[in-house]
Amino acid sequence: MTLNTRRPVRIGIIGVGQIGKVHLDNYAKVPGAEVVAAFDIDGTELERVAEQYKIPHTHESFKDLLQRDDIEAVDVCLHNNLHAPITIAALEAGKHVYCEKPMAGTYVDAKSMMDAARRCDRKLSIQLGLLFKSETKVAKHLIRNGHLGRLYHARSCGYRRRGRPYVDGYGTESFVKMETAGGGALFDMGVYHISQMLYLLDSPQVFRVSGELYQETEIDPVRAAKSGYNVEELGLGLVRFEGGVTLDIIESWAIHLNAFEGSSIVGSKGGIRLDPFSFHTTLSDVVIDSTFSLEEDEFRWHALHETEDAYDSPQHHWVSALQGRVPLLPTAEIALQTMQISEGIRLSHELGREVTADEIEALSKSTALKV
């Protein structure tokens with residue numbers, strides 16, 4: 001198989017709601033991606049979406065879809081606490097799996113997905129969109145070439161002033177219920193920013209986690225009553241890794257402040273702010289703050305490297321990895337560690353103290369729904 005191979009990759013999609021439609025739009029931009037079958041519990045919407053996206057086959061049971069021998073991969077676009085059981089069923093049916101973030105509702109469920117992928121010798125990828133942004137790619141390039149020196153601290157930031165799903169006017173109540181979502185701001189947005197920092201840090205081993213969760217700002221009383229809103233709108237954390245590296249976290253759905261500074265990472269020789277992108281160092285004992293032409297870098301790298309398009313988006317990368325054009329980035333491993341950190345923050349909040357990596361694994365309980 002050559003680097004230019006773009007053989008068809010036949011995919012089944014499980015869930016054609018809000019996120020499923022986003023994935024379908026993305027697959028339409030990926031050479032070789034063919035969505036040939038779909039499942040959703042809403043039969044009317046399933047048929048409408050199948051007609052819109054020209055999906056030839058629909059199923060009323062996801063198990064029937066998994067029995068198809070003309071698909072090699074499935075895309076799981078369901079509520080968080082359904083990710084583990086559906087993904088594991090698909091892996092055991094011999095399919096490679098691409099799953100929407102977060103990986104699952106709890107760390108133990110996410111780990112069961114990883115264990116199943118290894119046991120079944122199938123590929124597993126989690127949708128971590130920020131890993132494929134120009135800012136992340138340029139930052140990784142600078143780090144790999146030693147321009148930051150020894151990395152020792154990162155900051156993960158996510159901000160909305162008043163952007164809680166459903167209770168602030170968009171999305172459905174499933175986003176704000178522990179029973180379906182597993183968590184709030186840390187699960188909805190934090191997964192992106194935490195995973196971005198873990199990727200840049202090369203995923204050091206978690207040692208200890210401390211944190212706090214809040215739900216303090218006022219809510220429309222009708223939406224509050226209808227939603228059963230019981231997840232965090234603000235998550236704070238501090239992660240200590242083996243070797244002394246640290247990561248601090250602030251993730252907001254709702255807060256009475258203007259926008260936070262973007263996520264950052266610092267080393268002994270330099271530091272990077274991700275949004276807006278900037279590089280900070282000293283040269284001949286002079287303080288230097290630098291900006292970059294990210295669009296020019298992307299254009300040049302695409303012109304020079306024949307597989308650069310494999311990193312244009314999570315789904316470009318997923319399909320390219322299945323085609324054999326590039327190795328699959330460890331998105332599942334990073335997503336699992338993100339779950340470990342998020343659950344560590346929740347446990348620290350509940351116990352009122354710092355928790356160890358071993359405690360997180362021992363105390364994690366499955367919230368996976370039966371299918």
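The model shown here is predicted. The crossing in which H8 passes H12 is right-handed. On the H8 side, the residues that meet H12 are Leu186, Phe187, Val191, Ile194, Ser195, Leu198 and Tyr199. Their partners in H12 are Ile334, Gln337, Thr338, Met339, Ile341, Ser342 and Ile345. Sorted by class, the residues of this contact are ten nonpolar, four polar and no charged.

The buried residues of H6 are Thr136, Lys137, Val138, Ala139, Lys140, Leu142 and Ile143. The elements that cover these buried residues include H8, together with strand S7 (151-158), S11, strand S12 (270-274), strand S13 (277-283) and helix H10 (294-304). After H6 comes glycine 146, which has a positive phi near 80°.

How are H6 and H10 oriented to each other? Their axes are 10 Å apart and the angle at which they pack is about 75°, so H6 and H10 are roughly perpendicular to each other. In this contact, Ser134, Glu135, Lys137, Val138 and His141 belong to H6, while Leu294, Asp297, Glu298 and Trp301 belong to H10. The contact of H6 with H10 has three nonpolar, two polar and four charged residues.

Within H5, the buried residues are Tyr107, Asp109, Ala110, Met113, Met114, Ala116 and Ala117. They pack against helix H12 (331-351), and also against helix H4 (83-92), strand S5 (96-99), strand S6 (124-126) and helix H13 (357-363). Just after H5, aspartate 121 has a positive phi, of about 55°.

A further helix pair is formed by helix H1 (residues 18-27) and helix H2 (residues 43-53). The axes of H1 and H2 come within 12 Å and cross at roughly 15°, and the two helices are therefore roughly parallel to each other. H1 passes H2 in a right-handed crossing. Lys21, Leu24 and Asp25 are the H1 residues of the contact, and they meet Glu45, Arg48, Val49 and Tyr53 in H2. By class, the contact has three nonpolar, no polar and four charged residues.

Isoleucine 255 lies between strand S10 (246-252) and strand S11 (264-267). Is isoleucine 255 buried or exposed? Its relative accessible area is 15%, and since buried means under 20%, isoleucine 255 is buried. Apart from neighbours within four places in sequence, isoleucine 255 is in contact with Tyr159, Arg160, Arg161, Leu234 and Phe260. Valine 35 is 220 residues away from isoleucine 255 along the chain, and the C-alpha atoms of the two are separated by 40 Å.

Key. Residues numbered from 1 in each chain as written. Predicted model: local features only at pLDDT ≥ 70, side-chain atom pairs only at ≥ 80, totals over all residues. Heavy atoms only, no water. Buried < 20%, exposed > 50% of the residue type's maximum accessible area, 1.4 Å probe, protein only. Helix = DSSP H or I, 4+ residues; strand = E, 2+ residues; numbered from the N terminus. Contact = heavy atoms within 4.5 Å. Axes fitted to C-alpha atoms, helices over the stretch in contact; angles between N-to-C directions. Parallel < 35°, antiparallel > 145°, perpendicular 65-115°, else oblique. Left-handed = near helix turned anticlockwise from the far one by under 90°. Nonpolar A, V, L, I, M, F, W, Y, C, P; charged D, E, K, R; others polar.
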